[in-house]
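Subject: Structure handover

Hi,

Here is the structure for you to look at. Please open it first, then read my notes below.

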Amino acid sequence: MSLEIASILVLVAVFLIATFISVHMGALALMATFLFGTFVLGEDVDTLLSGFPADLFLILVGVTYLFALAKDNGTVDWLVHILVRGVAGRIALIPWVFFVVTGILTGFGAVVPAAVAIIAPMGMGFARRYGIRPLLMGLMVINGATAGGFSPLSIFGTITNQVVERNDLPGSPVLLFLASLVFNVVLGLVCYFLFGGRELIGKRDTDGDMEAVEGENEISHVGDGPDGSGRRDPGRRAARRTMQTTAIKDDEVDAPVTKLNGIRIITLIGLIVLAVMVVPPLNQDVGFTAISIAVIISLCSPKVSKGAVSKIAWPTVLLICGIVTYVELMDRLGTIDWLGEQVAQMGAPLVAALLICYIGAVVSAFASTTGILGALIPLAVPFLLTGSVSEIGMIIALAISSSVVDSSPFSTSGALVVANSPEENRDQVFRQLMVWGFSMVLIAPIVTWLIFVVPGWG
């Protein structure tokens, strides 16, 4: 067996072990880098660490630190509150509010599963209050998170664009973002009309107050009756409850968390500054800029911000850095070039491109989308460098194919939606997400291939 094939088998083993056993994929990849690099290739530690993606590490830490601050100081709650109030009682628009909220969060750097974990409980509370199907609300949250997931500031977008840049491929961060955004908006429309959105059109909140429900907390309780007799009145209870997802100090328990205050204004300004600083003509480094803004916010509110560092997406940081470090070892070994030669010899580049998209979709439905983006794009680099297919179109197709399958209940986002569904609907939501998720595995690669690869985008 050649060393190239052995290194591929090790990578496959890392994905399989992490999928079926509760072992972190990033840690496994670092262990594989050490063992394979040291005892098989004879590399020293300095050579092994030369593949560690310091730039990606800084970006991942910076943007997730900033997002953790925005969550802890109530800026996220304020955003949800304002958007929900903005629909003026139109129940049909509530699923789209949660689509937009999760899209904004991931667009500014929130890890997709983290955004879903925060917004899904709120969304399911609203779904129970206003008779929205849990499946519809869950899919709108997931699709919204994916819609913002490939912005130049986002985790998925950063990983994809960095891999493209590091391999000297032509790329278009804006086109990648817009293509994913439009694809997921269309997918959201399909979900909306397939899973009950039409039933909501024309319905309004007669209480006129859509300040909402808190996750899966019971929305009725004893003593809510108009005579205080203990009769349940879920409508009145839900209408006057205020969302509370931010940990606050004991002496501030009664403070409203959905009103704009000084620290939330500073956080909003910080997010806007980040968006401006990292695009032309300024082109500042995303990681350093995000960390600088996060430190300024922390200085303005040290008590509220003291726990944010522990909420940085360390598992994601470990995951992507571990995978990329091992892929860099494969590159030094020559595995990447060897794979490209094998694919090029197929003689049917469009078929090879479709096969790569299906690999991304299938593996991502069970494993980590982040890991797939960090591993599969580099493995496809030699094939892309042949010029047989459009590099930009292929990267977009692979990115979308690997991300829209996150609705599978075996992925983190899908599992979070199932977990936050009402208990009586949980099994049904699991089955529905399994059907929908695997429909995406079959449909998304062929659709993205037809739209982005076959016409030769870029």
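In helix H18, Leu 350, Ala 353, Leu 354, Cys 357, Tyr 358, Ala 361, Val 362, Ala 365 and Phe 366 touch helix H22. Their partners in H22 are Phe 438, Val 441, Leu 442, Pro 445, Ile 446, Trp 449 and Val 453. Contact means heavy atoms within 4.5 Å. By class, this contact has 16 nonpolar, no polar and no charged residues. Nonpolar covers Ala, Val, Leu, Ile, Met, Phe, Trp, Tyr, Cys and Pro; charged covers Asp, Glu, Lys and Arg; the others, Gly among them, are polar.

This is a predicted model: local features need pLDDT of at least 70, side-chain atom pairs count only at pLDDT 80 or more, and totals for chains, interfaces and linings use all residues. Residues are numbered from 1 along each chain as its sequence is written, and side-chain values use heavy atoms, with hydrogens and water left out.

H18 (residues 349–366) and H22 (residues 426–453) pack at about 145 degrees, axes 9 Å apart. Axes are lines fitted to C-alpha atoms, for helices over the stretch in contact, and angles run from 0 to 180 degrees between N-to-C directions. Helices are DSSP runs (H or I, at least four residues), numbered from the N terminus. The H18–H22 crossing is right-handed (the near helix is turned clockwise from the far one by less than a right angle; anticlockwise is left-handed).

Next, H1 (residues 3–20) and H2 (residues 25–40). They pack at about 155 degrees, with axes 9 Å apart. That makes H1 roughly antiparallel to H2 (over 145 degrees; under 35 is roughly parallel). Their crossing is right-handed.

H4 (residues 54–72) packs against H14 (residues 286–300) at about 30 degrees, axes 7 Å apart. The two are therefore roughly parallel. Their crossing is left-handed. That contact has 13 nonpolar, three polar and no charged residues.

How many salt bridges does the structure hold? Five. A salt bridge is a side-chain nitrogen of Lys or Arg within 4 Å of a carboxyl oxygen of Asp or Glu. One of them joins Asp 55 and Arg 166, with the closest N and O atoms 3.0 Å apart. Asp 55 lies in H4 and Arg 166 in H9 (residues 155–166), so the pair ties together parts 111 residues apart in sequence.

Last, confidence. pLDDT is the predictor's confidence in each residue, from 0 to 100. The protein averages 83, and 87% of the residues score at least 70. Over residues 211–257, pLDDT stays under 50. Where pLDDT is low, the predicted coordinates should not be read in detail.

Best wishes

Methods. Parallel < 35°, antiparallel > 145°, perpendicular 65-115°, else oblique.
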